[in-house]
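Me: I am new to this structure and would like to go through its aromatic rings. Could we look at it together?

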Amino acid sequence: MLPLNAVRFAPTFKDVGTSQPLLGCGSCIDRPVCGGLHLRDTGALLVDCLSFCHCEDRSKCDMVCPNKPAEYVRRHEEVDGWDLSTIPLARDVDMPRLPEWIPLLQGNLVGPRTTSVDDCVALPLTYALKGRKHATRARTQQELASAYGVRPRHGWVLSGVQEDPAVERVWPLPDISRIARQMVHAGAIFATSPDFSTVIDCPRQDNLHAMKRIAWVWYHMTQGGLCTALHVNGRTDHDFMRWAAFIRNQTAVKAIAYEFLTGTATKLSIGQHCQRLTELAKQVGRDLTLVVRGNAEAARSLRGTFKQVVIIDSTPYMRAMKRRKAYVNPGGKASYVSVQADSRRETRALLKHNIRVLRLAATAPFERPVEDRQASFDFRSSPAQQDTDDESPQMPLFTD
């Protein structure tokens with residue numbers, strides 16, 4: 001990774017996809033898979049992606065980097081190379097019916113008494129696991145209900161978007177397919193594959209390794225009978241072209257996942273990433289469901305591109321935890337007011353209220369109220385209807 005004094009150049013490290021690739025990309029053996037890096041205004045700072053390597057002690061670096069040959073070969077072999085086409089065809093799993101908006105819990109706010117708060121409730125993927133290393137298994141249905149105080153009416157949805165230490169816990173699991181089957185028995189109806197990071201200040205081989213791991217974990221979760229959305233994480237336009245080719249070949253991919261929470265959440269990046277998702281959908285050429293974490297506005301802008309756009313939102317839980325009550329303001333946006341909720345019963349009611357209000361704000365189309373002209377009409381301002389003799393008009397009762 002780059003030294004700290006180079007962080008100020010970070011915006012220029014994002015691939016723009018339209019300029020010439022870096023000078024060193026031309027002779028790189030991974031160019032056919034990588035596609036090259038297209039950066040703006042880097043000058044002599046970067047010659048190729050290995051220019052990102054400035055480790056003083058490479059033994060402490062966990063990046064997949066050719067400057068550590070023995071470790072590099074091991075990481076290359078553990079995923080069977082960077083080519084996505086080496087992954088076998090996955091089994092077909094039926095896509096469940098999902099609502100357009102799903103609340104995500106990150107803890108227990110309602111106490112030991114199990115309650116039903118929604119048809120579908122989401123959890124971070126590793127929150128459904130128990131144990132460590134080879135002893136890891138999925139929590140049972142009863143364990144999930146008691147741990148989070150919730151029993152969804154339809155089923156659990158598991159989100160693979162988490163902090164890196166939690167996501168990395170999934171990769172070394174000895175039998176991901178077996179754990180996925182246990183998740184299905186525990187009531188999981190849908191999941192998104194782990195979001196292994198494709199950071200911008202590292203050699204491209206680390207990005208390619210992360211993408212291949214995403215595809216492998218998706219394959220094993222699907223083989224376990226859990227309908228799983230493929231998380232299409234990428235750094236360049238070429239990465240999304242590779243994902244499109246992979247999805248075309250893997251007909252078991254019925255949904256893809258994306259997050260607008262970190263580097264993709266900046267104003268300069270949202271438009272670019274929405275365009276990449278739009279192009280991916282066109283290249284795939286069949287109906288897909290998009291599952292989004294983060295920017296709801298970006299998700300809504302993609303509704304015309306995908307068969308369905310599903311938003312997984314942790315806001316109801318986080319606001320309830322901070323004792324904030326949601327309401328829809330006159331502009332149709334969600335706003336919050338501080339409330340007192342000392343008991344479990346009050347917190348349970350607050351969580352249910354926030355879920356109900358934020359679903360309405362996220363899914364119901366906002367229409368400004370139409371002004372009632374009759375209600376605002378001032379009859380007193382109208383001139384009196386009179387004849388020229390200053391008498392009010394009257395119908396004659398008798399003819400002459």
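**Aromatic rings and their partners**

Reply: R213 lies over the face of F196, at 4.2 Å from the ring centre. Please note that the model is a predicted one.

Me: And R319, which ring does its charged end sit over?

Reply: The ring is that of Y336, and the charged end of R319 is 4.0 Å from its centre.

Me: Now to rings with rings. How many aromatic pairs are there?

Reply: The count comes to eight aromatic pairs, taking ring centres within 6.5 Å as the rule. One of them is formed by Y72 and W82, whose centres are 6.1 Å apart. Their planes stand at 65 degrees, and over 60 counts as edge-to-face, so this pair is edge-to-face.

Me: Where in the chain are Y72 and W82?

Reply: Y72 belongs to helix α2, which covers residues 69-78. W82 is in the loop between α2 and β1 (101-103). The two are 10 residues apart, and the pair links distant parts of the chain.

Me: Are Y72 and W82 buried or exposed?

Reply: Both Y72 and W82 are buried.

Me: What about Y258 and F260, how are those rings arranged?

Reply: The ring centres of Y258 and F260 are 5.3 Å apart and the planes are at 65 degrees, so this pair is edge-to-face.

Me: Why does Y258 count as buried?

Reply: Y258 counts as buried because its relative accessibility is 2%, and the cut-off is under 20%. F260, at 3% relative accessibility, counts as buried too.

Me: Last topic: which residues do ring pairs link into a cluster?

Reply: The cluster consists of W218, W243 and F246, linked by ring pairs.

Note on methods:
Residues are numbered from 1 along each chain as its sequence is written. This is a predicted model: local features need pLDDT of at least 70, side-chain atom pairs count only at pLDDT 80 or more; totals for chains, interfaces and linings use all residues. Side-chain values use heavy atoms; hydrogens and water are left out. Rings of Phe, Tyr and Trp (its six-membered ring) pair if their centres lie within 6.5 Å; planes under 30 degrees apart count as stacked, over 60 as edge-to-face and the rest as tilted. Helices (H or I, at least four residues) and strands (E, at least two) are DSSP runs, numbered from the N terminus. Buried means under 20% relative accessible area, exposed over 50%, partly exposed in between (1.4 Å probe, protein chains only). A charge sits over a ring if NZ of Lys or CZ of Arg is within 6 Å of the ring centre and within 35 degrees of the ring normal.
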